[in-house]
Amino acid sequence: MYTVRNITEDLYYVGGDDRRLALFENIFPIPQGVSYNSYLLMDEKTVLIDTVDWSIAREYMSNVEYVLDGRDLDYLLINHMEPDHCAAIGLMLSKYPNATLIASEKAILFMRQFGFDVDDRYIEVKEGDTMNFGKHTLAFVEAPMVHWPEVLMTYDTKDKVLFSADAFGSFIANNGRLFADEVNWDRDYLDEARRYYTNIVGKYGTFVQKALEKAGGLDIAYICPLHGLVWREDIGYLLDKYIHWATYEPEEEGVLIAYASMYGNTEYAAQTLANKLCQAGITNISLRDVSSTDVSVLIAETFKYSNLVLASVTYNLNIYPKMKDFLNDMAALNVQNRGVSIIGNGTWAPQAAEKMEKFLDEEMRLMDVLPEGLDIVSSLKPSKEADVDAIVEGIKDNMKKRREEKAKAKSQKSGTKK
Ligand code: FEO
């Protein structure tokens with residue numbers, strides 16, 4: 001059997017889903033699975049665009065064979081050489097011995113590194129090159145570091161299809177669906193698309209911005225990513241999300257309160273702050289325990305919200321380990337441009353608040369640490385209520401300042417255009 005769907009008259013989805021993998025890249029939980037997308041263009045020549053992870057190779061072989069319907073495979077185009085997409089290269093090359101590989105110079109190098117025998121059967125392409133396969137011409141766009149250095153995006157000039165590699169992808173298996181307009185994407189997919197992008201490609205925002213500039217110059221009717229659903233409607237919506245993530249601009253005015261608590265006292269302070277924020281009208285908040293929330297969720301929400309509250313108990317004279325992991329991940333992924341409020345707790349040698357502030361100052365960029373903070377000695381006392389109120393006011397002021405800066409930047413931009 002087969003699990004194939006048409007995208008255009010000549011283009012077929014031949015990928016598949018993995019619902020058995022617990023950890024993507026052996027690190028990110030994917031409770032709703034993931035898809036490995038591959039596409040087959042049936043023109044005068046046949047072109048298979050990327051392959052899949054080894055876990056679905058058997059289904060993949062059936063799909064490709066079904067669409068080829070007795071024809072030979074002429075070309076195998078590889079946009080991205082990470083093994084979740086390239087594992088089946090060797091299989092396809094041996095099943096279709098006449099197929100010629102098309103890839104960037106770096107991708108060919110990586111193929112050799114991964115042990116594929118590609119000698120005498122590849123064509124190297126670079127930015128601006130095109131290849132014609134009959135009715136369709138494919139144009140190659142270099143997109144280094146989205147998400148590896150060898151990455152190409154490929155544009156079908158006839159049907160205006162952008163094969164976007166890892167960009168515009170998402171976690172969540174496709175489950176028979178193909179197009180983003182077949183689901184309630186905003187409700188059911190946005191959080192997982194954000195978690196996918198921010199944790200996997202988030203570090204390389206400046207490279208993604210460059211790729212987005214190139215994509216912005218194309219007339220795009222379809223976006224075909226390597227994971228998740230294909231876009232053919234409302235593409236501007238998706239581009240806008242990517243612009244926010246790639247430029248580290250918050251999507252929403254709101255607060256992520258991330259707390260590290262051993263016996264509930266720091267948690268109670270975080271809860272108290274959440275309550276007061278809501279009383280003050282700031283209801284777009286997320287309250288997360290760093291011990292029970294996967295750090296990839298914390299990272300995604302850090303990209304989403306304008307403000308962050310870090311509340312940590314002291315542990316071994318340092319920041320609580322799970323909170324330290326979160327901070328390290330934020331720094332590794334280049335998170336920047338957020339207002340941050342700090343709450344520290346300790347019984348006999350409180351250190352967490354001071355060390356978190358130092359980390360934000362020395363290891364991260366453009367983090368606006370607000371002066372209003374809260375130091376707790378063991379448990380939150382009524383005498384500290386004014387400090388909690390001050391944090392709320394500090395966050396309100398910071399949000400106002402951001403709104404004003406944004407409006408100013410917008411008016412300067414429109415003034416420049418006139
Ligand atoms: Fe889905 Fe960077 O590979």
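Colleague: At what angle do the axes of helix α6 (residues 190-200) and helix α10 (residues 295-304) cross?
Modeller: Bear in mind that this is a predicted model, where local features need pLDDT of at least 70, side-chain atom pairs count only at pLDDT 80 or more, and totals for chains, interfaces and linings use all residues. Residues are numbered from 1 along each chain as its sequence is written, and side-chain values use heavy atoms, with hydrogens and water left out. Axes here are lines fitted to C-alpha atoms, for helices over the stretch in contact, and angles run from 0 to 180 degrees between N-to-C directions. The axes of α6 and α10 come within 8 Å, crossing at roughly 95°.

Colleague: So how does α6 lie relative to α10?
Modeller: Helices (H or I, at least four residues) and strands (E, at least two) are DSSP runs, numbered from the N terminus. Angles under 35 degrees count as roughly parallel, over 145 as roughly antiparallel, 65 to 115 as roughly perpendicular and the rest as oblique. With a crossing at roughly 95°, α6 is to α10 roughly perpendicular.

Colleague: Which residues of α10 make the contact?
Modeller: Contact means heavy atoms within 4.5 Å. On the α6 side you'll find D191, R194, R195, T198 and N199. Across from them, α10 puts in S296, V297, I299, A300, F303 and K304.

Colleague: Is α6 largely enclosed or open?
Modeller: Buried means under 20% relative accessible area, exposed over 50%, partly exposed in between (1.4 Å probe, protein chains only). The cover over the buried residues of α6 includes β4 (23-24), β5 (28-29), α5 (185-188), α7 (205-216), α8 (235-246) and α10. Since 10 of the 11 residues of α6 are buried, this helix is largely enclosed.

Colleague: And how many residues of α10 are buried?
Modeller: This helix is mostly covered too. Among the buried ones are S296, I299 and F303. Out of 10 residues in α10, the buried number is 8.

Colleague: Which residues have the most contacts inside the largest nonpolar core?
Modeller: A nonpolar core is a set of buried Ala, Val, Leu, Ile, Met, Phe, Trp, Tyr and Cys residues joined through side-chain atoms within 4.5 Å. The largest has 100 residues. Another core, of 23 residues, lies apart from it and includes V47 and F163. In the largest one, the residues with the most contacts are I89, M111, W185, L310, M323 and F326.

Colleague: How far is C86 from the nearest cysteine sulfur?
Modeller: A disulfide is a pair of cysteine sulfur atoms within 2.5 Å, and the structure holds 0 of them. C86 is in no disulfide, and it counts as buried at 1% relative accessibility. The nearest cysteine sulfur belongs to C224, at 20 Å.

Colleague: Which residues does G394 touch beyond four places in sequence?
Modeller: G394 sits in helix α13 (residues 385-417) and is buried, with a relative accessible area of 6%. Leaving aside the neighbours within four places, its contacts are L370 and E372.

Colleague: What residue does a cis peptide bond join to V146?
Modeller: Most residues other than glycine have a negative phi, and most peptide bonds are trans. Here omega is about 20°. The partner of V146 in that cis bond is H147.

Colleague: What is the phi of Y248?
Modeller: Y248 lies in the loop between α8 and β17 (252-260) and counts as buried at 5% relative accessibility. Although Y248 is not a glycine, its phi is positive, about 60°.
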